[in-house]
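Please look at the sequence and the structure before reading on.

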Amino acid sequence: MYRLVFKRLLDFVLALLALVLLSPVLLVLIVLGAIKMKGNPFFVQPRPGRIRRKTGKERIFRLIKFRSMTCAKDKDGNLLPDEQRLTGYGKFIRKTSLDELPEFINVLTGTMSLVGPRPQLVRDMVFMTDEQRERHKVRPGITGLAQVNGRNCIEWEDKLAYDKVYVDTMSIVQDIKILCVTVVKVFKTESISYEGMATAEDFGDYLLRTGKVSREEYDRKQEEGKRILKGDK
């Protein structure tokens, strides 16, 4: 009953309460973000969500966060590397997890849950095995089992293994424990990024760097991800 009914009800009530209570903070961040980012303070990106029963494929939804990187480009019109676009303001809201606050809107609309596997990129999803993609049997979460066990400081395989464990063992007791540990870790600003990297490494890039996929397979999967985003499934 928790998985089918009460989890969604709890998500809705707590997300609505959070948005009301945090509205002054959200307003400040909207204004400050618009100034610091010189425009739209929000970052919206397609992410794979829960698998649709009718199609058996992941629903692609739009994740909402506060923007932490500028849109600065080089002379050829390509975005500069993440470390060059990540501002001091961006580092601060990432370190304090304030950039995640708009995701309560995703929870309210039902595309996300408070607790669940973190929504990765579509270009990450295409590199996952069928077993790893079972993480998409449930709504993605603002926080999850992998986040309280290392977040971005653990290897991709461990992260995806934690997601699978969560899907298989979901319960209200476990969700409460994860939420409590998350609050502690947010205040301690732990495990924000992998050592030596400004932002988290894509799954495909990790597999290519460690020699677990060939360049040919890497390129083929990248094209598959682009087709999914275009709706050519």
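In what follows, Ala, Val, Leu, Ile, Met, Phe, Trp, Tyr, Cys and Pro count as nonpolar, Asp, Glu, Lys and Arg as charged, and the others, Gly among them, as polar. The model is predicted: local features need pLDDT of at least 70, side-chain atom pairs count only at pLDDT 80 or more, and totals for chains, interfaces and linings use all residues. Residues are numbered from 1 along each chain as its sequence is written, and side-chain values use heavy atoms, with hydrogens and water left out.

**Second largest pocket**
- The second largest pocket holds about 510 Å³ of space.
- Its lining has 19 residues, and Arg50, Arg53, Lys137, Val138 and Arg139 are the closest to the centre.
- By type, the lining residues of the second largest pocket are 10 charged, 5 nonpolar and 4 polar.
- H1 gives the largest share of this lining, 5 residues.

**Helix H2**
- Helices are DSSP runs of H or I with at least four residues, and strands are runs of E with at least two, numbered from the N terminus.
- H2 spans residues 23–36.
- Leu26, Leu29 and Gly33 are the buried residues of H2, where buried means under 20% relative accessible area and exposed over 50%, with partly exposed in between (1.4 Å probe, protein chains only).
- On the face of H2 turned away from the buried side are the exposed residues Pro24, Leu27, Val28 and Ile35.

Key: Expected span 1.5 Å × (residues − 1). 1 Å grid on protein atoms, 1.4 Å probe; cavity = no way out; pocket = protein on both sides within 12 Å on 5 of 7 lines; lining within 4 Å. Points joined across faces, edges and corners; volume = space filled by probe spheres on them.
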